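Here are some questions and answers for a reader meeting this structure for the first time.

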Amino acid sequence: MKVFWMTNEQIVNEKRVGKSGGVKYNDRETMDKRKWRHWEEKKMKYISFAIPCYNSAEYMEHAIQSILPAGEDVEIIVVNDGSKDETAEIAARYEKEYPTIVKAVNKENGGHGDAVNVGLDHATGLYYKVVDSDDWVDEEALFKILDVVKSFVEQKKEVDMVISN
């Protein structure tokens, strides 16, 4: 299984192409300096994990629990896509228990892709990853990827995508 990672700024800038209000930089070096200064000032999370959920009450907790060991280095955005079961209540419980890590976002049903985009809209991390509600993240792999991402930040190295297996 391959996993793709892109910087949030890269994705957001691609979404804003041709729209007013988009950030424009004169050159790559200026963009890099501003980006890293912004990241350092905001103390952003390293990775935003979005978990799109539709009627996922039976299994979504495993996905959330698999990411929680990363603690304050990550954020988990649980996007309830108009579920009819207890998905919203479970997301709210995790948000209350882990207010600096978990965000619960409720929306009308719009499908998986729409829920992914809503997660992106709420993401504040430097990198963005989608984890389906019926999936989980291996803890050893989570910390390996987190270490790699931290090394990018320490080196002020912009990497748009990380592929792992």
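Q: In which sense do S3 and strand S4 pair?
A: In this predicted model, S4 covers residues 102–107. Six bridges join S3 and S4, and the sense of the pairing is parallel.

Q: Which residue in S4 stands opposite aspartate 81?
A: Strand S3 runs over residues 74–81, and S4 over residues 102–107. Opposite aspartate 81 stands a residue of S4, lysine 107.

Q: What is the hand of the β-α-β unit made by S3, H4 and S4?
A: The two strands S3 and S4 pair in the parallel sense. With helix H4, they make a β-α-β unit that is right-handed.

Q: Which element gives the most to the largest nonpolar core?
A: The largest nonpolar core has 32 residues, and Ile47, Phe49 and Ile51 are among those with the most contacts inside it. Strand S2 (47–53), helix H3 (60–67), strand S3 (74–81), helix H4 (87–97) and helix H6 (139–154) each supply at least two residues. The element that gives the most, with six residues, is H6.

Q: How many residues does the second, separate core have?
A: This core includes Val79, Val105, Val116 and Leu120. The number of residues in the second core is ten.

Q: Is tyrosine 94 buried or exposed?
A: Tyrosine 94 forms a stacked aromatic pair with tyrosine 98, at 6.2 Å centre to centre and 15° between the planes. Tyrosine 98 is partly exposed, with a relative accessible area of 25%. For tyrosine 94 the relative accessibility is 3%, and the cut-off for buried is under 20%, so tyrosine 94 counts as buried.

Q: Why is the pair of tyrosine 127 and phenylalanine 152 tilted?
A: The pair links distant parts of the chain, with tyrosine 127 in strand S5 and phenylalanine 152 in helix H6, 25 residues apart. Tyrosine 127 is buried at 1% relative accessible area, and phenylalanine 152 is buried at 11%. The ring centres are 6.4 Å apart; the pair is tilted because the planes are at 45°.

Q: Which residue has its backbone nitrogen 3.3 Å from a polar atom of the side chain of threonine 87?
A: Threonine 87 is in helix H4 and is buried, with a relative accessible area of 0%. Leaving out residues up to four places away in sequence, threonine 87 touches Cys53, Asn55, Ser56, Ala57, Met60 and Asn80. The backbone nitrogen that lies 3.3 Å from a polar atom of the threonine 87 side chain belongs to alanine 57.

Methods
Residues numbered from 1 in each chain as written. Predicted model: local features only at pLDDT ≥ 70, side-chain atom pairs only at ≥ 80, totals over all residues. Heavy atoms only, no water. Core = buried A, V, L, I, M, F, W, Y, C linked by side-chain atoms within 4.5 Å. Buried < 20%, exposed > 50% of the residue type's maximum accessible area, 1.4 Å probe, protein only. Helix = DSSP H or I, 4+ residues; strand = E, 2+ residues; numbered from the N terminus. Pairing = 2+ DSSP bridges. Right-handed = clockwise from strand over helix to strand, strands pointing away. Phe/Tyr/Trp six-rings, centres within 6.5 Å; stacked < 30°, edge-to-face > 60°. Polar contact = N/O pair within 3.5 Å; in protein donor to acceptor, adjacent residues only side chain to side chain. Contact = heavy atoms within 4.5 Å.
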